[in-house]
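Here is a short briefing on one protein model. Look at the structure first, then read the notes on strands and helices.

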Amino acid sequence: MLGLSLFGGWTYYQTRSEGLGSFVQDGLKNPHALAFAKGLLLTEILPLYLGVGILVWLLTLGYGIVIDRSLAKNWGFGTAFGLTAAALVWIHVVLWWRVPTALWVIPGFQHLPFVLGLLLLALGVLLPLGWWTHRRWGFRAWVLIPGWILLWTSLAQAPLLLGHQVRPQPRGDRPTQALLLGVDGLRPEEAEGQGLGAWPGSHYPNAYTMIPATRLFYSMIWGGDPAQYSIGHVMPSEVELLGGLRYSLMESYKARGLKSRFYIDDGGTIGLTNRTQSIFDDTAMPAAGWENFVNSNLAVHLPLYASWLDALRIFPSTNPWAGLDAGLRTALERGRGADLVMFHTCHLHQPIFLTREELKDLPRWWTLRPLDLRPIGGLTLVRPKDELNTDARRDPLLAYRIRVRHLLAAWQPIWEELSQDPDYAQATRVLFADHGERFYHVTPTLRLQGTHGFDLDPWELRVPFLVAGPGFPNGLAPDRAVSMLELRDALAGKLLNKRPIQPDSFGARPFAAVRYHALQADFLRPEPEGVNYLSLDPKTIILGSKLLPGGAWVMRYQAGLEERQRGVSLARAERDHLDVYKPLVGGGAHHLVYEGFALKEIHTIDDAAFAKAKREIEAEFLRPVPLSGEAP
Ligand SMILES: [Zn+2]
């Protein structure tokens with residue numbers, strides 16, 4: 001099983017990836033990553049497989065002796081090896097039964113319909129075991145086998161139960177002032193339609209992110225310079241890593257003696273280093289920086305290892321066997337006594353490995369093959385037979401929708417209990433997303449894997465925004481556009497100026513401003529003939545990326561900040577009306593007009609008109625945090 005899994009991992013490593021995935025894949029070929037992988041294999045993976053192997057060996061022998069004392073004398077190499085191997089395979093069967101989609105990384109089984117693959121795996125253990133045990137012990141096999149299966153199944157479930165357990169913390173010495181719950185890539189219309197609509201709190205119908213990229217979003221919430229952080233990317237630049245950029249608000253909070261805590265279940269997306277972590281009173285993530293790719297990408301190839309990750313690591317992760325609410329519960333416990341508590345989940349990150357509970361929402365899911373549910377990452381990876389397929393169950397947007405529904409269902413009771421929780425009842429409690437998610441169409445029936453951070457459009461920019469706590473009534477809030485920059489300002493006003501956060505703290509700006517260094521997305525959608533946007537190609541904007549020891553990673557840009565920000569795209573939103581400005585290579589720009597998610601018009605504007613729109617949006621975007629008294 002380990003061999004088969006590793007072979008699957010190796011094939012992943014060899015297959016071509018597109019977009020940001022290719023940064024990661026290139027990075028994994030560097031010596032630090034290889035050294036890390038070797039260390040991981042020797043210190044975590046093999047010891048765990050050996051440890052579990054020895055444990056099942058003892059349990060299997062122990063139960064066997066209880067039923068038949070002579071087993072101890074006849075326990076030779078073949079018996080020990082055969083039974084332990086059967087137990088390890090059975091543990092994998094139980095884990096794949098729990099998350100059947102994880103079979104799409106296993107060569108061979110990925111092509112078999114779920115019902116057949118799971119049946120073959122189960123029979124592959126039960127038939128030889130039954131035959132061999134019956135030959136040896138006759139009718140006593142009917143007592144031995146069920147007992148063994150029960151023991152092995154419990155052993156497979158044990159880490160899942162342990163990993164979902166949260167250690168309660170004592171009540172804090174001060175009530176929390178603000179609680180931020182971020183769901184990566186949550187689209188507002190999907191969220192409201194899949195359960196969020198029923199949550200208590202004020203629902204803002206037209207909220208927009210100021211930038212559709214996680215790390216940059218949080219950098220601005222934390223007081224990073226918007227002029228700098230609106231033209232960066234997923235990895236920190238050299239300037240950032242060397243301390244050239246600061247999170248001024250977090251530093252002010254710390255200087256005031258306020259406690260800020262930040263938790264995330266996939267730290268790879270946030271790029272915090274030891275240096276930046278010092279501004280928090282407490283932070284936790286399953287692993288440091290890029291080492292998170294073990295949890296989020298590699299773990300699915302090693303089910304037994306993945307199943308133990310959350311029980312052994314300091315913070316729950318997003319591996320396919322992780323609980324959807326484990327991270328939230330842990331963050332709320334660890335947050336007790338802090339002034340500002342933030343938790344960000346990446347459970348909606350692509351690809352989504354649906355569990356069996358979630359698969360039940362797909363009609364006759366067992367007739368699908370695991371590969372049918374593996375989303376396609378880019379246009380170049382689409383095969384002709386993918387284009388011919390019209391089975392709606394394979395739509396990656398549907399898998400996303402199902403995950404949204406289950407995530408919200410897992411979180412809703414926790415959200416509702418917060419109003420009774422002595423530590424959080426008085427806090428302003430916010431549920432939001434750092435950006436939306438776009439599923440590009442290849443054909444009318446075929447969509448690519450969801451993506452974000454490439455372009456400015458309503459799918460990437462519109463976010464859900466729900467606020468509960470003192471002063472916030474339940475129901476629909478006014479439909480004015482809310483910018484997530486207002487969330488930053490409201491937090492700073494409350495924490496530094498003791499200004500309460502009220503319903504009119506949001507939607508007060510003339511419009512929601514967006515500024516971002518959009519990326520070329522030609523692997524996601526063909527640009528219309530003759531249109532050449534000044535967006536940048538992920539493969540050429542950087543001289544290179546580097547993974548460093550301890551989870552740090554860094555990107556070196558080809559050009560300086562001044563040159564790079566010439567290609568910046570902008571957007572402004574009022575209510576559900578969104579204007580997007582994208583500069584063209586030969587000068588001038590495209591002005592795209594959206595009402596809700598519908599594209600209404602595109603016109604070409606000249607340099608002067610673009611400069612004017614850009615000036616207005618930038619003035620709003622770069623407006624300093626409104627604080628009275630001392631500067632932040
Ligand atoms: Zn994100």
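How many bridges join strand E17 to E18? Seven bridges join E17 (residues 589–595) to E18, and the two strands run antiparallel. This is a predicted model: local features need pLDDT of at least 70, side-chain atom pairs count only at pLDDT 80 or more, and totals for chains, interfaces and linings use all residues. Residues are numbered from 1 along each chain as its sequence is written, and side-chain values use heavy atoms, with hydrogens and water left out.

- Strands (E, at least two residues) and helices (H or I, at least four) are DSSP runs, numbered from the N terminus.
- Two strands pair if DSSP finds at least two bridges between them.
- Ala589 has Ile605 of E18 as its bridge partner.
- E17 and E18 form a hairpin with two residues between them.
- In the turn, Gly596 has a positive phi of about 60 degrees.

**Asp606**
- Asp606 sits in the loop between strand E18 (598–605) and helix H23 (607–621).
- Its side chain reaches the backbone nitrogen of Ala609 at 2.9 Å.
- Asp606 and Val94 are 512 residues apart in sequence and 62 Å apart in space, C-alpha to C-alpha.

**Helices H3 and H7**
- The axes (lines fitted to C-alpha atoms over the stretch in contact) of H3 (residues 31–67) and H7 (residues 141–163) come within 10 Å.
- They cross at roughly 150 degrees, on a scale from 0 to 180 degrees between N-to-C directions.
- H3 and H7 are therefore roughly antiparallel (over 145 degrees).

Terms used: A polar contact is a pair of N or O atoms within 3.5 Å; within protein, one must be able to donate a hydrogen and the other to accept it, and residues adjacent in sequence count only if both atoms are side-chain atoms. Angles under 35 degrees count as roughly parallel, over 145 as roughly antiparallel, 65 to 115 as roughly perpendicular and the rest as oblique.
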